[in-house]
Amino acid sequence: MSAEELPRTVTYDGGRLFFLDQTLLPIEVKQEEQTGIEQVYDSIKRLKVRGAPAIGIAGAYGLVVSMRDKKGYSFEDFMGKLRDNAEYLNSSRPTAVNLSWALKRLVRCAESAGESSGEDLFRLIEREAVYIHEEDKSICRSIGEHGAGLIRNGMGVLTHCNAGALATSEFGTATSPMYTAHSNGISFRVFADETRPLLQGARLTSWELQQAGLDVTLITDNMAAFMMNSGEIDLVIVGTDRVAANGDVANKIGTLGVAVLAKHFGIPFYVACPSSTIDMETPDGESIVIEERGDEEVTSFGERRTAPEGVKVRNPAFDVTPAELITGIITEKGILKPPFSEGLNRMFG
Ligand code: MRU
């Protein structure tokens, strides 16, 4: 199977919305129809659909689905409901800026139409959601074209969590340079961190890269230092949920540890993302809201409990890697190098 043929994360077809249920992967590949706003909220919250760009796309279509029986509303009533529903969906997960970015884009698109019928407003937001989805495809491909040159024959490339096709419309962000290098005939190995507690690296990244024919090796998170020390890793590429204006980057918990290790071993550490993940309104990493998730994700492994009842638990889902540990940020517009605040401001300010 090529990267193009991987199952689609989000599908909007003839007004019907489907998410690939990623909680079932890699055991089962199942598309689940999303019929209402509560279901979409729940699918995002429970990580049936996850990854920053994908939850932006999913949220946008979810908002469209929530408005499809409101076509008979007046302009004021339609806009009121649209804003309420956008706020509700936005509360499903706080860290990835792509969700609020996509929802705001739909609300602004309806606002800018001015006094119009509910029918017309619905058509506009539906078209905007499709644009967001289509745009993401070409953005992911451009990230791949800009980043592929970093990967050379014989390299070992480490990634963390899943910033792959499953986290986007297709190709992924961190994985897009890998897919492009692979189709350019470059021979390299990918090492996928397992990514505790929810195993996105094991369940999703190693699965999608293997399906697409890349040479992927799964390691547990605590093996990264060993692999780097033994000279098997030449490059790190990860995704991100939010890039602050100073270049600090939030990504899946454990990314900061990988970045510190990469610095110690002198290995380049790159972050790949679309411009929709760059949040110029957030000045620095300290201002990024980090999602805290339920204890059960840490006290069990799959269905099996692995910790004593009543033990105290922390479960931050993301961490922040400071700009000084980052070698470059790969976007659809090219690779930004430090000082990031200047480059980000020039390109996205
Ligand atoms: O909790 P998740 O699985 O949504 O976390 C995903 C990540 O941290 C990804 O690296 C990030 O969203 C970038 S996806 C292109």
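The entries below concern a predicted model, and they take up an asparagine, then the salt bridges.

**Entry on Asn251**

I started by locating Asn251, which I found in strand β9, the run covering residues 249-252. Is Asn251 buried or exposed? Its relative accessible area is 6%, and because buried means under 20%, I noted Asn251 as buried.

I then listed what surrounds the residue, leaving aside residues up to four places away in sequence: Asn251 touches Val238, Gly239, Thr240 and Asp241, and also Phe318 and Asp319. For the side chain of Asn251 I looked up polar partners as well, and I recorded a polar contact of 3.0 Å with the side chain of Thr255. I also checked Asn251 against Ala52, and noted that the two are 199 residues apart in sequence, while their C-alpha atoms are 9.5 Å apart in space.

**Entry on Glu291**

Next I turned to salt bridges, for which the count comes to 19. Which side chain does Glu291 meet in a salt bridge at 2.8 Å, N to O, across distant parts of the chain? I found that partner to be Arg93. This pair links distant parts of the chain, since Glu291 sits in the loop between β11 (278-279) and α10 (296-299), whereas Arg93 sits in the loop between α3 (75-90) and α4 (97-111), 198 residues apart. I noted that Glu291 and Arg93 are both buried.

Arg293 also forms a salt bridge with Glu291, with the closest N and O atoms 2.8 Å apart, and here too I recorded both residues as buried.

**Entry on Glu292**

I then looked up Glu292, whose side chain meets that of Arg314 in a salt bridge of 2.5 Å, N to O. The pair again links distant parts of the chain, with Glu292 in the loop between β11 and α10 and Arg314 in the loop between β13 (304-305) and β14 (318-321), 22 residues apart.

**Entry on a network**

Last, I asked which residues are linked in a network of salt bridges. I wrote down one such network, in which Glu4, Arg8, Arg141 and Glu170 are linked.

Key: Residues numbered from 1 in each chain as written. Predicted model: local features only at pLDDT ≥ 70, side-chain atom pairs only at ≥ 80, totals over all residues. Heavy atoms only, no water. Helix = DSSP H or I, 4+ residues; strand = E, 2+ residues; numbered from the N terminus. Buried < 20%, exposed > 50% of the residue type's maximum accessible area, 1.4 Å probe, protein only. Contact = heavy atoms within 4.5 Å. Polar contact = N/O pair within 3.5 Å; in protein donor to acceptor, adjacent residues only side chain to side chain. Salt bridge = Lys/Arg side-chain N within 4 Å of Asp/Glu carboxyl O.
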